[in-house]
Amino acid sequence: MTIETVSETKCFGGNQGVYKHASDSTGTDMTFQVFIPEHREGEKLPVLWWLSGLTCTHENAMIKCHYHQACAEHGVILVGPDTSPRGEGVPDDEAYDFGQGAGFYVNATQDPWAKHFHMRRYVEEELPALVAKNFPVNMDRQAISGHSMGGHGALTVSLRNPGRFRSTSAFSPIVSPLNCPWGEKALTGYIGSDKADWREYDACALIEEGARIENLLVDQGRADNFLDEQLKTWLLEEAVRKAGMDATIRMQDGYDHSYFFVSTFIADHIKWHAERLKA
């Protein structure tokens, strides 16, 4: 539970920090970032977990999402981990969509990935315990969000942990890894060829099997070049409709897959989360 401070910078009256620790889940050092708004001494704040997408580290959202002002305004802590283990001895792949930077928030069972690639356990168990011990978070008031692969992570983590998160949102999420090339490649490599084992990492399959999210907001750009082949937002719309699950899924005209899209709507998401976190 010991953390090392890499950097801390004042931002919108609060503190943007980067921290490192030795992870039991991955067997490596892991780096994560935390923004803490200005607050009264002894006060504990609600927390929004942010999961990033393919190729990202902890830093991409911190630099490009522009969430700080909204988090400061609404008094919400934001925590963003890396997307995979890294370092000497950690296996990797030449492609951008597998290996380091592409952990897919799963617990790998296949060699050589099974030794280190346990991002599900890291995000669901280890990091929350570490943050709860070291930062002024109110763990009774949690929300989760993410982008692309991180949107997949946010949806599946929330669906597998009913009652933990008061709200869940996603930008351009991979909604069904069972039905897209990114998912087929990653889950075959990390989990194996039996698709029955993939279903716990597929938001649409989890909803089909009875899992539910109480408050769900999804934004997807219509000009996203990954929409038709990889993201397939309509599969989530269909799963939600068949399940009778209340959700807001917004198709945004003209927007692509980039952080320009995310940064356009991130303040709206944070406000939406804050309303539910403080209700």
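Guide: Gladly, and please keep in mind that this is a predicted model. Let us begin with the largest cavity, to whose lining α3 (119-134) and β6 each supply at least two residues.

Visitor: Which residues line that largest cavity?

Guide: The lining of the largest cavity is made up of Trp49, Val123, Pro128, Gln142, Ile144, Val157, Arg164 and Phe165. Sorted by class, these lining residues comprise six nonpolar, one polar and one charged.

Visitor: And what volume does the largest cavity have?

Guide: Its volume is about 30 Å³, and the structure holds one cavity of 30 Å³ or more.

Visitor: You mentioned β6. How many of its ten residues are buried?

Guide: Seven of the ten are buried, so that strand β6, which covers residues 137-146, is mostly covered. On one side of the pairing list is strand β4 (residues 45-51), which runs parallel to β6 and is joined to it by six bridges. Within β6, Ile144 is the residue that stands opposite Trp49, and both Trp49 and Ile144 are also in the lining of the largest cavity.

Visitor: Which other strand is joined to β6, and by how many bridges?

Guide: Strand β7 (residues 165-171) is joined to β6 by three bridges, and these two strands also run parallel. Here Ala143 has Ser167 in β7 as its bridge partner.

Visitor: OK, new topic: pockets. How much space lies in the largest pocket?

Guide: The largest pocket holds about 230 Å³ of space. Its lining has 15 residues, and those that lie nearest the centre are Cys204, Ala205, Glu208, Leu235 and Ala239.

Visitor: Which helices supply that lining?

Guide: Both α6 (203-208) and α8 (233-243) supply at least two residues each, and the largest share, five residues, comes from α8. By class, the lining of this pocket contains seven nonpolar, two polar and six charged residues.

Visitor: What about the second largest pocket, how much space lies there and what lines it?

Guide: About 170 Å³ of space lies in the second largest pocket. Its lining consists of Gly53, Leu54, Thr55, Cys56, Tyr96, His147, Ser148, Trp182, Phe226, His257 and Tyr259. Six of these lining residues are nonpolar and five are polar, while no charged residues are found there.

Visitor: I'd like to hear about Ser148. Where does it lie, and what is its phi near?

Guide: Ser148 lies in the loop between β6 and α4 (149-160), and its phi is near 60 degrees, a positive value in a residue other than glycine. As background, most residues other than glycine have a negative phi.

Visitor: Is Ser148 buried or exposed, and why?

Guide: Ser148 counts as buried because its relative accessibility is 3%, and the cut-off for buried is under 20%.

Visitor: Which other serine has a positive phi?

Guide: Ser172 has one too, with a phi of about 45 degrees although it is not a glycine. Ser172 sits in the loop between β7 and α5 (181-191), and since its relative accessibility is 0%, Ser172 counts as buried as well.

Visitor: Where is there a cis peptide bond?

Guide: A cis peptide bond joins Asp111 and Pro112, with omega at about 0 degrees. Pro112 has its place in the loop between β5 (77-81) and α3. For comparison, most peptide bonds are trans.

Visitor: Last one, about His21: where does it lie, and which side chain does it contact?

Guide: His21 lies in strand β2 (residues 14-22), and a polar contact of 2.9 Å joins its side chain to that of Tyr122. With a relative accessible area of 4%, His21 is buried.

Terms used: Residues numbered from 1 in each chain as written. Predicted model: local features only at pLDDT ≥ 70, side-chain atom pairs only at ≥ 80, totals over all residues. Heavy atoms only, no water. 1 Å grid on protein atoms, 1.4 Å probe; cavity = no way out; pocket = protein on both sides within 12 Å on 5 of 7 lines; lining within 4 Å. Points joined across faces, edges and corners; volume = space filled by probe spheres on them. Helix = DSSP H or I, 4+ residues; strand = E, 2+ residues; numbered from the N terminus. Nonpolar A, V, L, I, M, F, W, Y, C, P; charged D, E, K, R; others polar. Buried < 20%, exposed > 50% of the residue type's maximum accessible area, 1.4 Å probe, protein only. Pairing = 2+ DSSP bridges. Polar contact = N/O pair within 3.5 Å; in protein donor to acceptor, adjacent residues only side chain to side chain.
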